[in-house]
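Try each task before you read its solution.

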Amino acid sequence: MAPQDTLIDNISIQPDTLALKEKARREGLETVWDRFHAQQPQCGFCDLGLSCRICVMGPCRIDPFGEGPQRGVCGADADIMVARNLARMVAAGAASHSDHGRDLVETLYAVAEGKAPGYKLTDLEKLSRIAAEFGVAADLAPEAQARELALALMEEYGIKKGFLQFTKRLPQARLDKWAKLDLAPRGIDREISEMLHRTHMGVDNDAVNILLQALRSALADGWGGSMIATEVSDILFGTPKPVASQVNIGVLKQDQVNIILHGHSPLVSEMVVRAAADPELLARAKALGAQGINLAGLCCTGNEVLMRKGIPMAGNHLVQELALITGAVEAMVVDYQCIMPSLGDLASCYHTLFYTTYDKAKFPKAKHLSFSPENGAALGRELVFQAVENFARRDPKRVSIPASPQAQVTGFSIEAIVAALGGTPGPLLDAVKAGQIRGAAGVVGCNNPKITQDYGHVNLTRALIAADILVLDTGCTAVANAKAGLKEPQAAELAGPGLKAVCQSLGIPPVLHMGSCVDNTRIINLCAVLAGALGVDIDMLPVAAAAPEWYSEKAATIACYAVASGIYTVLGVTPPVLGSPAVTDLLLNGLESHLGAKFAVEPDPGKAAALIIRHVEEKRRGLGLDAR
Ligand code: SF4
Ligand code: MSK
């Protein structure tokens, strides 16, 4: 369809987005907002969770006004339908993160076997630490340790005796709460496949029972697949340390070969980073008239290489199409997740080469170069070579890079935060106890064209830091906050007096970037560390989470494992559950008495901040700390 002239006035708070959307309109190119507009009105039954197409006796719908059908053909009522739909979302999100984690484990194994040239064991301290958690002998050589660890991690996916190993990081009080509800996750694949089994027609038809398995599947991701992805990525590519970088579309360079790295996995992108420093390829780029080879990230692959290598970030989810519309991109290299199927079409409107790299993630109009741990290094080089050769095909008349880069500091793994604090989390706890820092909030998640891009992220974050709440961010939120200048140490000026003083004494910003979406496990790990240090369960901490602009199944999973881990979570977009008052009540209220945490839904970032501030102060009171 043709792009609309008068579409959504307020698509974004970001000037680079607005300028490139206007260029798209001028050039007659369709973007996500045009397609969103064309979908209006979106299906009200689906929005409420009251449609089902699980089997071909359907599809079925339930009338929310009580006048039409109240059961599907099989007899499923609104509660069953809504619970099943949400549960399948959560299972899909858990599968996505966890399959990503599996790719890392397989690469770790290949490295240990000496079959993955280009990859190496980078953080040997973390390798030993994680290996010890899995009972691997400490006196083995690193390769042997990595091999044993990889085999142990593979077992986490299948049928194993007992529960996922990383759950042992949690306070006993949390594990006791899970035991009462039978929530402790067993094998990762097991929980996901059991969730799909239970939601087949004619299996689990108790909405509460279905939702409990959804939480267990989410926990299999949070304390399983995603956590494995983070820890193994650190072992292979290094645990992030604070690093200065830049953000927004201005990180693309007019006079250089631009390569965009997009998706979620670091496996291919790290090899592209390596190849881009190859003197031969740099010389070739110069021979073709480019001043260099410039890499830029998008979405969570961008977060991975930003956190570890300082590669600048071009943008978040809603920028992916616009990045191509700059006309300045020689190649976009994607792996998987959050990659719009429209990109091939858009790339073909310019000289841009669009490369897919995973056999499980192919796209229309893409060139496919298949990744394996064995060929990763050669693939990285080939991708950079092709991009360099493509520079001559760029049409300078169509190039527009409408922004200057914004500075940011990133790379705040738990290890980096503890190092900044002088080697222990003690000073952070002291600042919380003294009330200088009231608490912490993980602000995470995607963009969604239903919300003005980055409005929710930035305004919620600003309100929280102004109230002396330290913000930890990941995913697309991290890009939004960096673009708003909140990741420079000077942003401490925007914080309340207590947080400002702490940030200034440590030289850190009030918003700490903890990584990609799988790296939300760094946040729950940090909560477990702090709870352990205080001798309490996580739900007693003055912490909260928010996903102001979420869209994906993975975000639903993250929210579920956050709540099941004891973290109050505020969503900015309503999940499709309102068709069942019983399910809605369970999520907003019922879970709290069992898990000490619950969901809230609040699209207005100011009101969401008020909810979080109130929650943090309540928790402070519960711990006997001063409360406002
Ligand atoms: Fe309809 Fe039941 Fe089949 Fe769903 S599972 S499509 S409600 S018959
Ligand atoms: S999930 S946070 S849209 S990248 Fe990482 Fe995708 Fe952004 Fe959600």
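**Exercise 1.** Classify Glu592 as buried or exposed, or in between, and find its salt-bridge partner.

Solution. Glu592 has 33% relative accessibility, so it counts as partly exposed. (Buried means under 20% relative accessible area, exposed over 50%, partly exposed in between, with a 1.4 Å probe and protein chains only.) Its partner is Lys598, with the closest N and O atoms 3.6 Å apart. (A salt bridge is a side-chain nitrogen of Lys or Arg within 4 Å of a carboxyl oxygen of Asp or Glu.)

This is a predicted model: local features need pLDDT of at least 70, side-chain atom pairs count only at pLDDT 80 or more, and totals for chains, interfaces and linings use all residues. Residues are numbered from 1 along each chain as its sequence is written, chains are lettered from A and ligands numbered from 1 in the order in which they are written, and side-chain values use heavy atoms, without hydrogens and water.

**Exercise 2.** Describe the salt bridge between Arg438 and Asp626.

Solution. Start with the distance: the closest N and O atoms are 3.1 Å apart. (Helices, H or I with at least four residues, and strands, E with at least two, are DSSP runs numbered from the N terminus.) Now accessibility: Arg438 is buried at 2%, while Asp626 is partly exposed at 40%.

**Exercise 3.** Which residues pair in a salt bridge at 3.0 Å?

Solution. They are Lys360 and Asp103. Lys360 is partly exposed at 45%. Asp103 is buried at 9%.
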